[in-house]
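Hi everyone, thanks for making time this morning. Let's bring the model up on the screen and take a short walk through it together.

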Amino acid sequence: MTAITPFLALVRKDLILYVNDKRALMLHLLMPVLLAAIFGSLFGGASKSNTGKIDIGLVVLDQSASGRKIAAGLKAESTLRVTELTEAQAQEKVRAGKLAVAVVIPAGFGDAADSALFAGPKGKKPELPLYYDPSQSTVLAMVKGLLTQQVMQTTSSAVMGSAGAATTARQLAEVRAAARTDPAAAQLGDFLDSLKKFQDQRAVADAEKARTGAKADSASEAGGMSMPFATRDEALSSGPKYNGYAHSFGGMGVQFILFMGIEMGIAMLAARRLGIWNRLLAAPISLATVVAGRAVSATVIAVGLLCAIFLCAALIFGVQVGSLAGFLGVAVGFALVTASFGLLIAAFGKTPEAARGIAVFATLIMVVLGGAWVPSFIFPQWMQTATLVMPTRWAIDGFDAVTWRGLGLAGAAPSIAVLLGFAVLFGGLAVAKFTRDGRG
């Protein structure tokens, strides 16, 4: 009982001082909520659509029917917001970072693409210039895919319809000439010959309908080759619908709780420098009691902050916690990591000034590699594996598990176990250092 009384008094003192420090409360509670709201909105928030439209520039120099159809197809894409520009304007906007990609449909592209459709790998193919921001290579790949679809559909429609008979006749003549020296070209000639017969039949039918006043059948003109399948997207998780705010609140909460751990360690170093520890230890209080009291108070504050942060996430941004037990387990595990991290700073730090710089750098590394700013699934595969040595990675994955993934206590158990392991490691190193240094 004698040992418990000073221990509880030290914990109570730390809690009262922290609650009365309005600056610390603002930094550790309001700032993570604000930043989490910003990051959550960047990653889709709670909306059904996680991506906005991509702004691209379009330069149409080909006024043929094929060129206009390609341009119209791009404008009809639901994922693109197309702005027609001159080539000089497009280049300037891409250089300035105002557009991610600009597509140029050069003069004569439609006719050249029609002629190149069956030209084979050795045939000359027209170029389609694409200007892009070097930082937007992912957007470039997406635009290329959509552009390929539109060009193939338009070109195949033009070539295989009755209007493409002249192009087919010219290609057939070229293939027959090449077949004298290349027997493989004869097979393409057979195909083109059949296509030419189909086009001639379609032309006769369209002419007859035009003569009688009937509506011409333009299916072969408008159809062309299209995607032979349609996708059905279905998001799967054990818990509620994915909410980008759930991940961002976990990440920002982890970041600012670690900053609180830094302040705890720096405060202990400052207390040692001012001789406060010596006065405490002059009383009938052991070093273990002082260290344990500081660790417990930091753990209680960290758990309280995490609960308050996620309460804001639930009330304001609709984040759902699927397992309260799992959430508390991860929160307590990470709070213990934070407390032991603060002890580690206090144990190994020489001065408050030097320790602060090193601790902030280490914290930022742990936060970034742990996936607090950018989700870890965006990392390269090797980095996703390497970052498993970071306690922040396990904490953030644990919060993801008990919120939008809905995995419950069992899903959070690995994260809780690893966090407790890190807490024991950090705390053990700190205690060993304190013991070796004696009474400080």
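On α14, the face turned away from the buried side carries Glu353, Ile358 and Phe361, which are exposed. By exposed I mean over 50% relative accessible area, by buried under 20%, and partly exposed is in between, with a 1.4 Å probe and protein chains only. Helices here are DSSP runs of H or I with at least four residues, strands are E runs of at least two, and both are numbered from the N terminus.

A word on where this comes from: it is a predicted model, where local features need pLDDT of at least 70 and side-chain atom pairs count only at pLDDT 80 or more, while totals for chains, interfaces and linings use all residues. Residues are numbered from 1 along each chain as its sequence is written, and side-chain values use heavy atoms, leaving out hydrogens and water.

Back to α14, then. Its buried residues are Pro352, Ala355, Ala359, Thr363, Met366, Val367 and Gly370. They sit on the same side of α14 because they cover an arc of only 95° around the axis, taking the directions from the helix axis to the C-beta atoms. What do these buried residues pack against? Their partners are α10 (244–273), α13 (324–348) and α16 (391–402), with contact meaning heavy atoms within 4.5 Å. Just after the helix, Gly371 has a positive phi of about 90°.

Now the chain as a whole. It holds 17 helices and 4 strands, and 43% of its 440 residues are buried. Of the contacts with a separation of 6 or more, 81% are between residues 24 or more positions apart.

Let me finish with Glu77, in the loop between α3 (65–76) and β2 (80–84). Is Glu77 buried or exposed? Glu77 counts as buried, because its relative accessibility is 14%. Leaving aside residues up to four places away in sequence, Glu77 touches Leu146, Gln149 and Gln150.
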